[in-house]
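The points should be read beside the sequence and the structure.

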Amino acid sequence: QVQLVESGGGLVQAGGSLRLSCAASGRTFSTYVMGWFRQAPGKERELVATSTNGGTTSYADSVRGRFTISRDNAKNTVYLQMNDLKPEDTAVYYCAARSAFVVRYSYWGQGTQVTVSS
């Protein structure tokens, strides 16, 4: 079992920055693929960024160049640095974890609200 707890959300003006953190329980954090998702009201959940256990990262086109995912395996924590935020980035952000051998994310955090004002 893995428990995930996000923090760092809030209200920011357009063009500003936020850093989200996701602390994970368990001893096998380094083996998991970690993802950040977001869901805006009335929209489907969107995969924003991933970090594999091998250190490879990937991003949605909508955030590439503005968001950076990173992880500190010693602290069992994954981060999402969000720069040049736009009103359309407003959503609840979730971190999630999965084994490298499956496609579906098995563990989810409770989410943290990010609101970007224009």
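How many Å apart are the mean positions of the 12 positive and 8 negative charges of the protein chain?

1. Charges. The mean positions of the 12 positive and 8 negative charges of the protein chain lie 7 Å apart. Here Lys and Arg count as positive and Asp and Glu as negative, while His and the chain ends are not counted. Each charge is placed at NZ of Lys, CZ of Arg, CG of Asp or CD of Glu.

2. Basis of the values. This is a predicted model, in which local features need pLDDT of at least 70 and side-chain atom pairs count only at pLDDT 80 or more, whereas totals for chains, interfaces and linings use all residues. Residues are numbered from 1 along each chain as its sequence is written, and side-chain values use heavy atoms, with hydrogens and water left out.

3. Overall fold. The protein chain has 0 helices and 11 strands; helices (H or I, at least four residues) and strands (E, at least two) are DSSP runs, numbered from the N terminus. The radius of gyration of the protein chain is 13 Å, close to the 13 Å from the globule rule for 118 residues, so the chain is as compact as a globular protein of that length. This radius is taken over C-alpha atoms, and the rule is 2.2 Å times the number of residues to the power 0.38. Along the principal axes, the C-alpha atoms fill a box of roughly 40 × 25 × 25 Å.

4. Burial. Of the 118 residues in the protein chain, 44% are buried. Buried means under 20% relative accessible area, exposed over 50%, and partly exposed in between (1.4 Å probe, protein chains only).

5. Strand 1. Residues 4-7 form strand 1, whose covered face holds Leu4 and Glu6 and whose uncovered face holds Val5 and Ser7. Strand 1 pairs with strand 3 (residues 18-24) in the antiparallel sense over 4 bridges; two strands pair if DSSP finds at least two bridges between them. Ala23 in strand 3 is the bridge partner of Val5.

6. Two loop residues. Leaving aside neighbours within four places in sequence, Asn76 is in contact (heavy atoms within 4.5 Å) with residues including Cys22, Ala23 and Phe29. Glu88 sits in the loop between strand 8 (77-82) and strand 9 (91-99), and Glu88 is exposed, because its relative accessible area is 54%. Glu88 and Ser99 are 11 residues apart in sequence and 30 Å apart in space, C-alpha to C-alpha.
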